[in-house]
Amino acid sequence: MIDPLASASQIAASGLRAQSTRLRIVAENLANAQSTGTTPGADPYVRKTVSFESVLDRTIDAASVKVKALGVDNAPFRLEHDPSHPAADEDGNVKMPNVNPIIEMADLRETTRSYEANLQVIKRVRNMFSTTIDLLRNS
């Protein structure tokens, strides 16, 4: 029989791993929100995305979460007119990344909250283990 506290801890740990990947992707997107190509007409940075999936973990006999795939956003690039930019095409337009900082900040906030929720589960499980050990010592 599988220890339910250990299972809860492992499920929360899988959530932490998935959210840390998402956090890294959001940070990359924000860091490259102004990264253009280096040659005339070149494509800029393309926004990355992450998707999750629920998988049955047979070692704990419960569902956990893992990163299903890292992808790219197919939204069109923004065009800005800047004829002096090295990446400007013959019309003076520069392709800018398809990263929207407002969306990235919303993703960042959601990711942070999910990470914190999983972390709280692990802390609670540790407290329950400690309480159980203390009860066994004192009996």
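Where is N98 found? N98 sits in the loop between β4 (93-96) and α2. The model is predicted: local features need pLDDT of at least 70, side-chain atom pairs count only at pLDDT 80 or more, and totals for chains, interfaces and linings use all residues. Residues are numbered from 1 along each chain as its sequence is written, and side-chain values use heavy atoms, with hydrogens and water left out.

**Fold and dimensions**

- The chain holds two helices and four strands, in the order α-β-β-β-β-α from the N terminus. Helices (H or I, at least four residues) and strands (E, at least two) are DSSP runs, numbered from the N terminus.
- The radius of gyration of the chain is 22 Å, whereas a compact globule of 139 residues would have one near 14 Å. That radius is taken over C-alpha atoms, and the globule rule is 2.2 Å times the number of residues to the power 0.38.
- The C-alpha trace spans about 80 × 25 × 20 Å along its principal axes.

**Contacts, surface and charge**

- Of the contacts between residues at least 6 apart in sequence, 62% join residues at least 24 apart; contact means heavy atoms within 4.5 Å.
- Buried residues make up 26% of the 139 in the chain. Buried means under 20% relative accessible area, exposed over 50%, and partly exposed in between (1.4 Å probe, protein chains only).
- Carbon and sulfur atoms account for 56% of an accessible surface of about 9,100 Å². Accessible areas come from the Shrake-Rupley method with a 1.4 Å probe; for residues, only the protein chains shown count as cover.
- There are 16 positive and 17 negative side chains, and the centres of the two sets are 10 Å apart. Lys and Arg count as positive and Asp and Glu as negative, leaving out His and the chain ends; the place of a charge is NZ of Lys, CZ of Arg, CG of Asp or CD of Glu.

**N98**

- N98 has a relative accessible area of 9% and is therefore buried.
- The N98 side chain reaches the backbone nitrogen of R47 at 2.8 Å.
- A polar atom of the N98 side chain also lies 3.0 Å from the backbone oxygen of A75.
- Beyond its neighbours within four places in sequence, N98 is in contact with Y45, V46, R47, D73, A75, P76 and F77.

**R124**

- R124 is part of helix α2 (residues 101-138).
- R124 counts as exposed because its relative accessibility is 55%.
- R124 and T49 are separated by 75 residues in sequence and by 31 Å in space, C-alpha to C-alpha.

Terms used:
A polar contact is a pair of N or O atoms within 3.5 Å; within protein, one must be able to donate a hydrogen and the other to accept it, and residues adjacent in sequence count only if both atoms are side-chain atoms.
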